[in-house]
Amino acid sequence: MKRFSTYFLAFAIMLLAFNSCEDYSKHTVGPFNTGSIDVSKYISVGNSLAAGYQSGALYEAAEMYSFPNLLARQMGVKDFKQPMISPGIGDQIAIQKFTIDPQNPIIVTQQQLVGQPTVTGPYQNLGIPGAILADYLNADAQTGGIKERAKANPFYGIVLGSAEMSKPVPSIQDVVASQNPTFVTFWLGNNDALGYVTSGGTLPMNTVPVFTQLYGASINSILGINSTVKIVAGNIPNVADIPFATTVGPIFKAQLQQAGVAGIYYFKTQSNGSEQATVMPATSIGNPTQALILLTAQNYLPLIGQPTGKYWRDIAAQKGVPVSAIIQSYGGALDTTKPFIVSPQNPLPNSLILDSDEITNAQTTIDGFNNAIKTVVGSSDRVALLDINSIFNNIVTTGGITEDGITLTPTIGSLFSFDGVHPTNRGYAVVTNEIIKLINNTYGANIQRINLESIPEGFPLAAGAN
Amino acid sequence: MRKYFTIICLLAVFAVHKVRASGFALYEASVRITGMMGAYVANGHDVSTIFFNPAGLAQLSGFHLSVGAAFIAPRDKFRGPLPYSVNEYMMKKQTFFVPDAYASYSLTPKLSLGLGMYAPYGLGTKWKPGWVGSRFALNTNLQVMVLNPVVSYRLPDIGPVKTYIGGGVVIGIKGDATLSREVTDFVDKTGTVTGTVSLDGSQEKTPVGYNLGIIIRPSDMLSFGFTYRSQLKLKLRGNAEFTNLPASGFPSGVVGSLNITTPANWAAGVNVHPVRNLSVEFDYVWYGWSSFDSLNVHFDMHTPALQDINSPRLYHNTSQYRLGAEYNVEKVTGLTVRGGITYDQNPIPDKTLDPILPDADRWDFSCGFSYQVTPQVSFDAFYMFIRAKERKIDTPENPLDGYYNTKANLFGAALSFSF
């Protein structure tokens, strides 16, 4: 029977031996299955949406969650540099405090960020906030082009670099070609229509013929850099569906109806370019085909019925001209001593509202842009279309998108950051997942999608927020 | 300063993240029995059978008392997050002290009463502040202590077959839980603002459950056992504390309450004496973890940033296989040695596994001994080693993919008295 005790002793020794051995296997990342796409040099071309702009500013904590950066991470791209800007550039909209008032759960404030890139170029993310389609080839260089626009927009110089900007005709294409890309995401053209929408139809849009020509030339330039580069090209979502245009209207309508106001007056652009006070029935306000009240109106709407010229004083201060000069330019059609919005002589300013003509105009033009993009993309099997317009329309129609138990709605604080135009961290992750889906389906890849819960919300807090 | 007219989508910063309690059953409830890996449901000759199978108590005559403690030292590491990183993060080292005490008295040769105090459930994980998974787990702790009065009775023999039954009431005398994690959902000019959310709960109501068992002994060489332990519904309540977060969204004085239902379990075993002085037992143990469909935390105050938690956990039921042996060493009077092996399934699916409890299927090995110091007093000790299989989480359904490695060293000692 002695052998049993020997067994037990042997067993005890074996246990100690087990414990001391570190049998953890070594692991490395990858392999990443990117199908027929070579990701050894990925370049992102785009505007603020590619840069990772959020809540009115570009800043490092948001750039980390730009869709090109998230995509590069999921694809295993080793070297993907962005102009990380600290603390940021722009007027960031940030949380001042939370409230328990369901109508105003969050009070925000604006804080100006002034900063510089913390990483030197050349960058692989060439997203330039404010960039338009013409910038890619600097097609309008003769009338000023990039150099003219760069005077009011620091991002051209930051992203393209001083060497490029000192050339007689700088262009995004030059910076792309110099890096000999193997894969490009190209999402430009939103700003060719966005300014019209955010200005209430008072700033021009690009025209469809010009857009069509520029788009074909831009894509062909990329395809010409080498014979293998592949492109994912994003089209233009209907900018009239963004919270910047859809948030305020329905609430304003409810307030009008509660107060028994049947209609309002607004300045409507006439065919000769002048503005004339026009009636808008309260029932039309907030209707996505009739009248969209812009986010910029939210500071002025509470002044309804008051004899106020606050909007005009703000505009005058912005432009650095006397307010009297602006009022005189309306030749008696504007009298700020009359009740605001409800009097035909003190109507809602043109820039704060998109009426049905302007909504139709924007829609028709964006449809034209998207047809042009579709045609260009279809002409080469090295280009795939990211139909972000259909994807976003679908989200708006169904009221949201649910992934990983998280539902994101097309509202501020969910899919959209506080500026009502740009996505949140998780909104950008949704965009990234759509690109991953497209690449997996089109190029035989198997890139893992991003779990939305792994992405922090990233809401800006104002200094001294409590 | 400007205001939004709109109802901004509620942030619900606390609510979106799943908090999962998990496979936190402890079965190191007795120093002596852990030495043979808890394979004891068909044996039941030690006073700690109050935990393993209350039916065994009627086999004991006289008065028995056992007091012991186990020390549990788990070591975990995480490498990730996949797919883009395999950086290594070690869990903070902790050693847990788990005491137990059992007493029994035979009123008649057929009837015994007993009282046990032990920790059937517990969990403790602590990760370093700022680690890559800090938004999912920082510090988690669960301690449950119960009192278990039991009664056991020997039924009339049927021929040579002896049958024992027993049952008891399980009363929770201590239930404490801590859940904390970092909130990384806000940014300021310097980057991510790292806040912490922590909830310290204690039981507000005494939970009551029960345990039952039967042992059938057809001969001195062979016995069968079966035991059942009910769920225990824990209702915990305590203060939520927030640091480095805006007070308007995360006010002080918030009270949180959460319910945790421990799984029911049953065990069936067979014990044989193949040769003199040797006892070998095999047990099958079932845990009804699927009752853990979700964990709900309710706060008595809500803000746009602070909402209730209703998190699915989707556990599945698990099986455990225990093999243990006990041998009386004749050469050394009073010495008994033990050893055992257990294979233990984990209840957590890949999609809900998180660093609160990085569980994995595992092998447990143990050895131990008892030494009879005097006819009344004996000393017990065990050593146990747990080696979990490497767990690779690589699914887009889980927000933190990576490799988890877990091992643990356990040891314990006890004094037993018999009169």
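Analyst: A residue is buried if 20 or more other C-beta atoms, placed from the backbone, lie within 10 Å of its own, exposed if 12 or fewer do, and partly exposed in between. By that rule, 47% of the 466 residues of chain A count as buried. Keep in mind that this is a predicted model: local features need pLDDT of at least 70 and side-chain atom pairs need 80 or more, while totals for chains, interfaces and linings use all residues. Residues are numbered from 1 along each chain as its sequence is written, and chains are lettered from A and ligands numbered from 1 in the order written.

User: How do you know that Val45(A) counts as buried?

Analyst: Just count! Val45(A) has 27 C-beta neighbours inside 10 Å, so it passes the mark and counts as buried.

User: Where along chain A is Val45(A)?

Analyst: You will find Val45(A) in strand S1, which covers residues 42-46 of chain A. Here helices (H or I, at least four residues) and strands (E, at least two) are DSSP runs, numbered from the N terminus. Chain A has 17 helices and 17 strands, and its C-alpha trace spans about 115 × 55 × 40 Å along the principal axes.

User: What makes two residues count as touching?

Analyst: Their C-beta atoms must lie within 7 Å. Leaving out residues up to four places away in sequence, Val45(A) touches several others, including Leu126(A), Tyr136(A), Ile172(A) and Phe186(A).

User: How many of the contacts in chain A join residues at least 24 apart?

Analyst: The share is 74%, taken among contacts between residues at least 6 apart in sequence.

User: How do you know where the domains of chain A are?

Analyst: The bounds come from an automatic or database domain assignment. For chain A it gives domain 1 (42-239 + 357-454) and domain 2 (245-355). The C-alpha centres of these two domains of chain A lie 31 Å apart. Where they meet, domain 1 brings 11 residues to the contact and domain 2 brings 13. On the domain 1 side, H9 and H15 of chain A each supply at least two residues. H15(A) gives the most there, with 3 residues.

User: What makes a group of residues a nonpolar core?

Analyst: The members must be buried Ala, Val, Leu, Ile, Met, Phe, Trp, Tyr or Cys residues joined through C-beta atoms within 7 Å. The largest such core has 205 residues, and those with the most contacts inside it are Ala193(A), Ala233(A), Ile293(A) and Leu294(A). Both domain 1 and domain 2 of chain A give this core at least three residues each. There is also a second, separate core of 16 residues, with Val31(B), Phe78(B), Cys367(B) and Ile386(B) among them.

User: Which residues does Ile293(A) touch?

Analyst: Among them are Val248(A), Phe252(A), Ile285(A) and Leu352(A), not counting residues up to four places away in sequence.

User: Why is H9(A) called roughly antiparallel to H15(A)?

Analyst: Look at the angle. The axes of H9 (residues 191-198) and H15 (residues 356-378) of chain A come within 10 Å and cross at roughly 170 degrees. That crossing makes H9(A) roughly antiparallel to H15(A), because angles over 145 degrees get that name, while those under 35 are roughly parallel, 65 to 115 roughly perpendicular and the rest oblique. Axes are lines fitted to C-alpha atoms, for helices over the stretch in contact, and angles run from 0 to 180 degrees between N-to-C directions. At the meeting place, Asp192(A), Ala193(A), Tyr196(A) and Val197(A) of H9(A) face Ala362(A), Thr365(A), Ile366(A) and Phe369(A) of H15(A).

User: What is omega for the cis peptide bond from Ser86(A) to Pro87(A)?

Analyst: Omega is near -10 degrees for that bond, and Pro87(A) sits in the loop between strands S3 (85-86) and S4 (89-98) of chain A. Another cis bond joins Gly121(A) and Pro122(A), with omega about 0 degrees. As background, most peptide bonds are trans.
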